[in-house]
Amino acid sequence: MPILAGVIGSPVAHSLSPLIHTIWAHRAGIGGYYVPIEVPAPYDDYARAMDALKTIGFAGVNVTIPHKENALRYSDKSSDLASKVGSANMLTFTDNGSYADNSDVTGFENAMKNAAPDISAKGAGLVLGAGGASRAIIVALQRIGVENIFITNRTHKKAALLAERFGLEAAPWSKRRHAVEGADLVVNTTSLGMDGQPPLDLDGAQLKPGAVVADIVYTPVETPLLKLARDGGNPGVNGLTMLMHQAAPGFRAWFGGEAKVDDGLRAALVGELERRRP
Ligand code: ATR
């Protein structure tokens, strides 16, 4: 039987995960399929879909918006990491049920460590945004060892809630430029800078020398924030790099092969994004 895996979301047609896994499977000579599966948002729909996938022999699935909390709720067991973040992006079917994990956290950590090996020495981190993606990034920064983490968000209440939950400082959104200038590590987890969205308005901001900048947005691959980093000679980590790193644990768990994040894979993804441009 070929190995079966996939990504559950809504919408999910745009996901690059099927291409990433297909390339790794091809490279490793492993027979299998990784498919996008659209499932409506309510938990009951999610649970029925998962029961069906387990019955037909899926090895596991990645889980994306809006199902990351559903994945944690559905699972029989979960990793400490998934529980801490409060959501899961990986669900593995086992003989005893299902196991939820969160490779958004470890994927981000690996992407940062590759870009800046001295990352754990960074003192002040700034997280822009307080949505679902933000929680995984915060947990990753804490695991990396960043001492002071600031969070800022358009809706301040959401930043304040995460600040309380994870022991951070909440900074006003109106002061985001100032906050960026004081940070050793800046991560955008908002949708600002994405094609069709306004840019993160940081006009004229000066990054600290050597500050590492990461952006979860990958359309375009170089966002205005990452261009600011490049112009200042600062290391940057783009959303594609994070995406490839978060995919690797799933591939290893379900297909059992090597999952290398390299220039060949990156070029294939950039080519696919270019093909999709209107
Ligand atoms: P995800 O799960 O990918 O993090 P999300 O939960 O919808 O998605 O969060 C989106 C983030 O982008 C939020 O921090 C959101 O800010 P609000 O909490 O104020 O909604 C932020 N965001 C989206 N559009 C924005 C805009 N035009 N200006 C500022 N922030 C924006």
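Tutor: Helices (H or I, at least four residues) and strands (E, at least two) are DSSP runs, numbered from the N terminus. This is a predicted model, in which local features need pLDDT of at least 70, side-chain atom pairs count only at pLDDT 80 or more, and totals for chains, interfaces and linings use all residues. Residues are numbered from 1 along each chain as its sequence is written, and side-chain values use heavy atoms, leaving out hydrogens and water.

Leaving aside neighbours within four places in sequence, His-156 is in contact (heavy atoms within 4.5 Å) with Ala-170, Ala-171 and Pro-172. Pro-172 is 16 residues from His-156 along the chain, and their C-alpha atoms are separated by 6.8 Å.

As for the rest of the chain, the protein has eleven helices and twelve strands. Of its 278 residues, 50% count as buried. Among contacts between residues at least 6 apart in sequence, 67% join residues at least 24 apart. The C-alpha trace spans about 55 × 40 × 35 Å along its principal axes.

Methods:
Buried < 20%, exposed > 50% of the residue type's maximum accessible area, 1.4 Å probe, protein only.
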